[in-house]
Amino acid sequence: MSFSLPRALAALTLLLAAAGAAAALPAPVRDALREGGVPPAHAAFFVQRVDAGKPLLAHNAERPMNPASVMKLVTAYAALDLLGPAYTWKTEALADAPPADGRLAGNLYLRGSGDPGLDLERFTQLLRQLKNRGVAEIDGDLVLDRGAFRLPPHDPAAFDNQPLRAYNAGPDALLIDHKSLRVTLVPDTAARRVEVFAENPAAGVRLDGRVAFDEAPCNSWRERLQVGVDGATLSLAGSYSGRCGEKTLHLAPWPADRQVEQLFRALWRELGGRFAGRVRDGETPAGARLLYAHESPPLAEQLRGMNKWSNNVTARQVFLTLAAERPATPDAARQAIGRWLATKGVAGSVLDNGSGLSQAERLSAAGLGRLLLDAWDSPVMPELLASLPIAGSDGTLKKRLQDGPAAGRAHLKTGYLDGVRSIAGYVLDTSGRRWVVVGFINDAQLKNGAAPLDALVRWVAER
């Protein structure tokens with residue numbers, strides 16, 4: 001076996017550099033990394049006071065890493081900065097001709113603009129407004145106009161082979177209720193059975209629930225259920241623990257057209273309306289008459305749901321809305337946000353869909369840190385801060401950092417993928433000083449990535 005002195009010296013230099021970097025880390029963070037089996041080289045941290053000129057901590061801070069759902073901070077700040085907190089989307093109902101004696105002789109067109117918040121309640125309000133404007137019978141078709149977005153085919157199984165999970169639903173210019181079906185499981189401990197029912201009205205849907213009752217621990221309850229789709233039948237099998245109490249499963253089992261048709265037919269019938277046509281994709285003719293325009297809640301309000309609960313579908317919708325052209329395309333959205341990041345001095349990022357549900361997206365801890373420092377001095381800072389989970393209180397942080405100096409004093413976005421843990425946002429320390437904190441861990445063998453990130457936040461909060 002040959003020995004190369006230059007090669008050995010180079011290896012020793014790298015080893016010493018890694019040891020020095022690890023030694024520069026705060027002791028609680030260094031210890032948590034070691035206990036979690038995470039090499040310091042697989043972590044990146046950035047900490048800087050909002051009124052300071054240089055960072056307190058910058059470990060691997062310029063290295064592009066997968067940020068997971070922390071990427072939503074980029075999407076949120078870009079949207080607030082470029083669109084404004086009061087920005088709204090409109091969903092329009094149009095017709096070939098006005099109704100006469102309660103009857104719409106031609107088609108009804110629903111034209112979307114990408115509203116992420118057109119949920120069951122608001123869609124019902126939209127239909128009720130049509131009834132109020134004299135539409136009781138529709139002789140033609142319901143035509144769904146998604147022309148505001150031009151999207152490539154979406155494979156809901158591509159990311160993690162979980163095509164029915166609601167978080168894997170693709171973006172849609174006419175997104176209604178997030179394309180989801182909410183299925184609730186209610187255990188009856190006395191009878192030792194599980195009741196299963198769908199919360200959304202959905203015409204023609206059959207729910208076949210054959211879930212066994214048990215008293216196993218409630219962890220990984222979703223993984224113990226088997227969900228299948230056969231035509232209009234949704235089946236649930238497996239087992240569910242009485243210890244779980246009542247829980248809701250969010251699913252996206254059908255293509256968008258079918259999901260809208262099921263919802264529309266059920267709601268329109270509930271409202272006493274009649275519909276003789278079919279539901280199909282199409283374009284709104286130039287001469288169509290506007291019957292009603294539903295305006296969404298403002299952007300700032302929708303970002304709260306997106307960031308507090310890390311809603312990937314909302315993030316995709318907001319991301320596409322930032323495209324500088326219509327119909328919006330993913331490439332145009334990436335270009336628009338890339339240009340905006342350049343004006344903020346952030347380089348080297350890789351954008352995909354803006355949600356962080358991606359293996360391709362990359363961002364450096366320092367780049368995100370600089371962006372959060374810029375946001376702190378911007379007019380939209382209050383809206384961005386209010387959108388973030390509060391440590392130990394709500395959202396994805398409700399059960400984290402509950403004890404100690406960070407509880408109630410840290411507004412942080414979290415990220416979670418296989419091999420990725422991340423956290424970023426603002427921390428108010430016990431002396432009343434505000435800090436930007438960013439932590440990324442990318443490690444394929446990750447065991448406990450949350451502990452080092454929580455240690456980082458506590459270290460900052462107790463200063």
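The largest nonpolar core comprises 54 residues, and Val 74, Leu 368, Tyr 426 and Val 438 have the most contacts inside it. A nonpolar core is here a set of buried Ala, Val, Leu, Ile, Met, Phe, Trp, Tyr and Cys residues joined through side-chain atoms within 4.5 Å; buried denotes under 20% relative accessible area, exposed over 50%, and partly exposed the range in between (1.4 Å probe, protein chains only). Helix α9 (residues 365-376) supplies the largest share of this core, eight residues. Helices (H or I, at least four residues) and strands (E, at least two) are DSSP runs numbered from the N terminus. A second, separate core of 28 residues includes Val 29, Leu 412, Ala 455 and Leu 456. In soluble globular proteins, nonpolar side chains tend to be buried together.

The model is predicted: local features require pLDDT of at least 70 and side-chain atom pairs count only at pLDDT 80 or more, whereas totals for chains, interfaces and linings use all residues. Residues are numbered from 1 along each chain as its sequence is written, and side-chain values use heavy atoms, with hydrogens and water left out.

Apart from neighbours within four places in sequence, Val 74 is in contact (heavy atoms within 4.5 Å) with Ile 337, Trp 340, Leu 341, Leu 363, Leu 368 and Leu 371.

Turning to charged groups, the whole structure contains 31 salt bridges, each defined as a side-chain nitrogen of Lys or Arg within 4 Å of a carboxyl oxygen of Asp or Glu. One of them pairs Asp 81 with Lys 344, with 3.3 Å between the closest N and O atoms. Asp 81 belongs to helix α3 (residues 72-83) and Lys 344 to the loop between α8 (330-343) and α9, so this pair ties together parts 263 residues apart in sequence. Asp 81 is partly exposed at 33% relative accessibility, and Lys 344 is partly exposed at 22%.

Arg 210 and Asp 208 also form a salt bridge (3.1 Å, N to O); Arg 210 is exposed at 61%, while Asp 208 is buried at 16%. Salt bridges with shared partners join Arg 146, Asp 172, Lys 179, Asp 257 and Asp 281 into one network.

Which cysteines form a disulfide? Cys 218 and Cys 244 do, with sulfur atoms 2.0 Å apart, inside the 2.5 Å cut-off for a disulfide. Cys 218 lies in the loop between β10 (206-214) and β11 (225-230) and Cys 244 in the loop between β12 (233-241) and β13 (247-251), so the link ties together parts 26 residues apart in sequence.
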